[in-house]
Amino acid sequence: MKYLLYDYSVPRKFQNQKFHILTPTKAQISSSVSNSWSLPRPPRHPFHIVTLSPWPLSIGGFTLGIAGGLASWLHGHSMDLIILRTLGLTIAAKNWWRDIVIEGTYQGFHTKKVTRGFYWGIGLLILSEVLFFFRFFWAFLHRALAPTPEIACQWPPLGIRPVNPITWPLFNSIILLTRGALANLAYLYLIIGKLSKATDALNGAILAGILFSRIQGYEYYHAPFTIADSIFGSAFYILTGFHGLHVLVGTIILQVQKKRLQYLHFSPKHHVGFLAAIWYWHFVDLVWLMLFALVYIWGTANIVDIWDSINSLS
């Protein structure tokens with residue numbers, strides 16, 4: 001075995017003519033072979049073998065803690081536990097997102113196979129969310145279609161004055177659909193490479209999400225019933241409350257995607273996180289349309305007030 005080592009101590013024009021031929025010793029060869037075994041080798045597969053991370057377990061623990069704090073708050077205790085655990089959940093989620101961004105954007109671990117796995121993962125997440133809302137819709141429709149004597153065999157129950165759908169709920173529906181259209185527009189701008197216009201469209205979608213949350217808070221504050229008012233109040237606030245939570249999470253995710261867009265993390269061919277955010281938001285849109293049709297319009301079933309509101313608008 002021979003190595004060709006160029007002598008760079010001579011002028012540049014003679015470097016291609018002057019070189020030394022060195023023959024390594026057996027000790028040098030054995031040392032080189034032993035050191036090669038200790039060096040990290042590139043993987044021979046297109047998958048990303050992740051390292052140990054504390055964030056999945058931390059997020060699971062904080063989420064369980066928030067559920068326990070919520071149950072404690074509903075029994076009259078303070079919200080300190082919910083606030084502290086929500087802060088911990090936010091920090092853990094931020095660090096996990098940071099690690100994923102580093103792995104995909106800077107280290108190049110997100111190959112086509114890994115990207116396909118991400119798409120399957122977000123699809124299964126949305127499917128689990130669909131089943132999550134399905135059981136609450138089932139409970140609402142079960143009680144609405146077969147009201148029991150405890151609620152005077154009528155729906156809405158006796159003494160409940162439901163929210164008029166042709167007011168703030170209708171306005172929120174328009175806002176939510178507008179936000180979905182702006183998010184789609186941002187994705188189309190990203191595909192054709194117009195990143196500044198994509199950022200502007202995302203800003204509009206984020207503002208629409210914030211406006212939706214504020215209007216829903218205003219509706220809760222002025223609602224004529226509470227979560228303790230029979231099965232109607234429980235089903236109404238659980239359905240609309242969990243949907244409002246998903247709207248808030250979707251708004252935060254869009255803000256993260258806007259920051260990544262400004263840092264040039266996305267390209268027309270590599271934008272897994274951006275597309276996942278769009279998919280998640282369309283799921284939130286679909287849930288709201290079902291909420292508006294089944295809970296606000298059909299579930300309230302006060303057709304006289306609805307027609308009066310339509311006539312007053314016309």
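The exercises below work through a predicted model, with a solution after each task. Residues are numbered from 1 along each chain as its sequence is written, and side-chain values use heavy atoms, with hydrogens and water left out. Local features need pLDDT of at least 70 and side-chain atom pairs count only at pLDDT 80 or more, while totals for chains, interfaces and linings use all residues.

**Exercise 1. Chain overview**

Task: state how many helices and strands the chain has, and what share of its residues is buried.

Solution. 
- Helices (H or I, at least four residues) and strands (E, at least two) are DSSP runs, numbered from the N terminus.
- The chain has 9 helices and 2 strands, in the sequence pattern β-β-α-α-α-α-α-α-α-α-α.
- Buried means under 20% relative accessible area, exposed over 50%, and partly exposed in between (1.4 Å probe, protein chains only).
- Of the 314 residues, 33% count as buried.
- A contact means heavy atoms within 4.5 Å. Among the contacts in the chain with a separation of 6 or more, 70% come from residues 24 or more positions apart.

**Exercise 2. Helix H2**

Task: compare the span of H2 with its expected value, then say where its buried residues lie.

Solution. 
- The expected span is 1.5 Å times one less than the number of residues.
- H2 covers residues 55-74, 20 residues in total, and reaches 28 Å from its first C-alpha to its last, close to the expected 28 Å.
- Its buried residues are Trp55, Ile59, Gly65, Gly69 and Ser72.
- Seen down the axis of H2, these fall within an arc of 140° and so line one face of the helix; the arc is that of the directions from the helix axis to the C-beta atoms.
- The buried residues of H2 pack against helix H3 (80-106).
- On the face turned away from the buried side are the exposed residues Leu57, Leu64 and Leu74.
- Just after H2, Gly76 takes a positive phi of about 100°.

**Exercise 3. The second largest pocket**

Task: describe the volume and the lining of the second largest pocket.

Solution. 
- On a 1 Å grid over the protein atoms alone, a pocket is an open set of points with protein on both sides within 12 Å along at least five of seven lines, and lining residues have an atom within 4 Å of a point.
- The second largest pocket holds about 320 Å³ of space, a volume being the space filled by probe spheres set on the points.
- Its lining has 14 residues, and His48, Val50, Trp96, Ile100 and Glu103 lie nearest its centre.
- H2, H3 and helix H4 (112-145) are the elements that give two or more residues to this lining.
- H3 supplies the largest share, 4 residues.

**Exercise 4. Backbone exceptions**

Solution. 
- Most residues other than glycine have a negative phi, and most peptide bonds are trans.
- Cys153 is partly exposed, with a relative accessible area of 48%.

Key. On a 1 Å grid over the protein atoms alone, a cavity is a set of points where a 1.4 Å probe fits but cannot get out, and a pocket is an open set with protein on both sides within 12 Å along at least five of seven lines; lining residues have an atom within 4 Å of a point.
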